[in-house]
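Dear colleague,

Please find the structure below, handed over for your records.

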Amino acid sequence: MTSKNLVDRPVATLGDALQGLMANLNVTTNGGGGAPGATKSINVRGFTGMSSLAGPLILVDGVETDINNVNVNDIESISLLKDIASTAIYGSRAPNGVLLITTKQGTKNQDARFSYNNNFSYAQPLNAPTMSNSLVWANTINEAYTNAGLAPYIGDAVLQRIKNYIANPATTPNTIPTLGGNRWASYDPDFGNANNDWFKIFLKDWAASSSHNLSIDGGGDKVSYFVGLGTSNRTGMYRYASDGYDRKNVRANINATINKYLSFSLKTSFEQENNNYPFNGGGTTGGNWFHEIARIWPIVPLIAPNGGYEDASRVPLNENGGRNIEKQDLARINADITFKPFDGFSLTGRYNYDFNDSNGSYSVLPYKYSTPQNPEVLSTTTSSISKRHTSVSYYVYNVFANYEKQLGDHYFKAQAGFQTEKRTISNLNGSNINLFNPLQPSLSLTYGDARSVSDPSSAFATNTNMGRINYNYKEKYLAEGNVSYMGTSLYPEDTRYNWFSSGSVGWVLSKENFFKSLLNTFSNVKFRASYGGSGDVSGSIGSGDYYPYFSNLVTAAPTSSSWIFNPASGAREPFVRQPGLLISPTLSWAKPSMLNIGADINFLTHFSLTFDWYRRNITHQYTNSRDYPTTLGISAPTVNAAASVTKGFDFTLGWNRTFDNQLNLNARLNVGRYTGVITQNDGNSTNSINSNYVGRPIGAIWGFETVGKFQSPQQITSSPSQSEISGATWQPGDIQYADLNNDGKIGYGRQNLADPGDQKIIGNSIPDFTYGFNLGANWKGIDLSVFVQGIGHADYAPNSNYFWGIAGGLYQSTVTPKLEDRWTPTNTAGYFPRIDINNGGRNQITQSGYLLNRAYMRVKNAQIGYTFADKLTKKYHVSGLRLYLSADNLFTISGVFKHQYVDPELLQSDQKIYPLQRTFSFGVRVNIQ
């Protein structure tokens, strides 16, 4: 894949740009959603353990790099290695795939060329929830109270105020002073009467962002160079509190041929990232603004009658209640030297050093809000400041030799080398309360007695010795073998080294003599197969547990002690207590192996197809050891006693044709699919269905089977008892569950395979398939492209008020227009069950009738551009001048929108995630030489 597939889009990171572009490169949105600076998760070919989806090794110019630290405009090409045999040569970090990124290097014998491009974008929130108006909200809440056997919660006087305000907001106050208090009415017992959709209030209609990139490249007879500068900023969607992300980067690549024996390259880069966003609200908001926004009542006023902000609106807290400011500086230097003393032989040494320095400042501040007596009262918030400094140093060096030889029709190549890497992480954290001056949030300017300081540090290293042999006969029969001896500091000394091997074969059928008559139809036909094993340390590195073979004593300060050593003074002493868990002296590598069978075919002149089927078997995965007696008083150790199998396929089908009138059309479809199953887990000796048991399909969702809704008291009494689900009285409109075990009652059983009660596997959260489709056309300088991306059927079990509406009680509920399609005595066919302020949870357990299918198809990008003919601009030393318009996330087709609002990519956890955005942008790209 070349850079033209990635550029001229308003994406913050390379992960955003790669989503849907490569078969079975699974790029998914994290819990950060569409927030500025949020990153994507990247995985190749599915499960890398029991339910885990570790990412591939990202190599930029041969060196491991965080994919989010790469400027898209510096990239020349990207390729993806998926099977273990092809990744074996890249060492101990490569078993889960390798993404190879090559940056621009410059061209020898080319005059200096300046290139510039920009992008100006405007984003709007995508698929944010919509709230019902305040009168609908009040009537819905009253219905939920009435259904619970309680009196209506919102009284007639308040209802009348609400009606009056909706009818004439210009002359009707949106609230009243509370009785006997210095507050505006908002929540109970006095109630406001405003009419607010808080998602529309907290989120902007549009946010502007931009990026600029400038580079120079060229070279002489022996030296080529590329220098790139970039800056980008992304403005967040909060209307009142500013949030944003910006990045500045510089890259310089130099390649030099010193003489016919020696060549040298030096690649350096520096990047600075700044992320600035509001304090998450702490306990007031549950630590998540998108939890809080949904539960603010529509009747709560935003601006009080005297012009100040109402505290209960949370806008003052969001805007001025504290800031999170993060800065990261990343510097990298990479040097290669290659020695070629004679034909066919080369010796290469490579050294890379990265230094990542990051700082965070997190403040909590008092803010101003309105009372009837004063529109700007300072809150009683206890101010605080927390600061974090993290430095990460990483070095890796490689030395490898290559020798290749052609003997007639026989070609041989051998490679041998070693690699060593080490990463060291140091942290310094401090915090305290009570700032002297909230405008200067500094630890030095605090006077509180809640001081805290810590300085954790850690490190790990790996070492790999590897060899590879390649052979082909007439480029028709191909074979490759790999062997490696890998070690890591992550495991005990006796188990840290292991041998691994892999191999592959290929047959180019189209080079056979008997195939010549078919070459006009099939210009290339190649079959491939590979099998191999490797070691995987992603479980330990991903968890940050670099010392799993150490059993650590726990230290505690005197204030944490319950023991008084001097009764007269009440003095307590610091103490050390036992470790939290045992350790296993045999802990070692997880061991994945993969069988891969594939084909590459070019046919009918304009078509190409790549297809692969694979089976990944991962043994020696980490799990808890078999149960120990509770009298031991300590947790069981982590051991290598679990396994899983993942199977899947991926293919890419391409078509490209240029017609006589210079019209070029091209299309590209990629599809990937994978499934997984647990084959061993000694840590689940009871076969609990709430954990990974042998035979469990990975991603399986257990729940009850929904029969429907009770329609009468007689139906309830004649059906199996559901009292184990809820002891409250069941009523018409409640959910009826199926008695799967025919015991005359509905229940959970013992929650294991032997007795799951009336639960069964009702769905799976893993997509049936993922896909991406590119369609492009260009003619005489005009270009048009459309990129469609999506997933097949995937289940999600909703569990929050974003879907259910009345959930978790009055103060955790949200009323939206979707909730109007609910069961009532006059709407017995409603989609949602009846609402009940106290007992609605019994209708909201995981069940087949309320699984959402997350499948979607999204127009990820649509772009139109015009490139001026060089003959028109050459006299101005300008070439490649292109103007373009682009739209990202243009529209989405999905069945999930029928009963809820949240984007299908954000149907994870409780759905309370910063919304994605639809973005429109324009820009220019030009070369000057």
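In this account, one residue is in contact with another when heavy atoms of the two lie within 4.5 Å. Please note that the model is predicted.

I begin with helix α4, which comprises residues 156-167. Five names make up the buried set of α4: Val158, Leu159, Arg161, Ile162 and Tyr165. Viewed down the axis of α4, these buried residues fall within an arc of 160°, and they therefore line one face of the helix. Helix α3 (134-147) is included in what covers them. On the face of α4 turned away from the buried side are the exposed residues Asp156, Ala157 and Ala167.

Is Asn73 buried or exposed? Its relative accessibility is 15%, and because buried means under 20%, Asn73 counts as buried. Leaving aside residues up to four places away in sequence, Asn73 touches Val7, Lys104, Asn117, Asn213 and Arg925. With Asn117 there is also a polar contact, side chain to side chain, at 3.2 Å. Ile42, for its part, is 31 residues from Asn73 in sequence, and the C-alpha atoms of Ile42 and Asn73 are 20 Å apart in space.

Yours sincerely

How values were computed: Residues numbered from 1 in each chain as written. Predicted model: local features only at pLDDT ≥ 70, side-chain atom pairs only at ≥ 80, totals over all residues. Heavy atoms only, no water. Helix = DSSP H or I, 4+ residues; strand = E, 2+ residues; numbered from the N terminus. Expected span 1.5 Å × (residues − 1). Buried < 20%, exposed > 50% of the residue type's maximum accessible area, 1.4 Å probe, protein only. Arc of directions from axis to C-beta. Polar contact = N/O pair within 3.5 Å; in protein donor to acceptor, adjacent residues only side chain to side chain.
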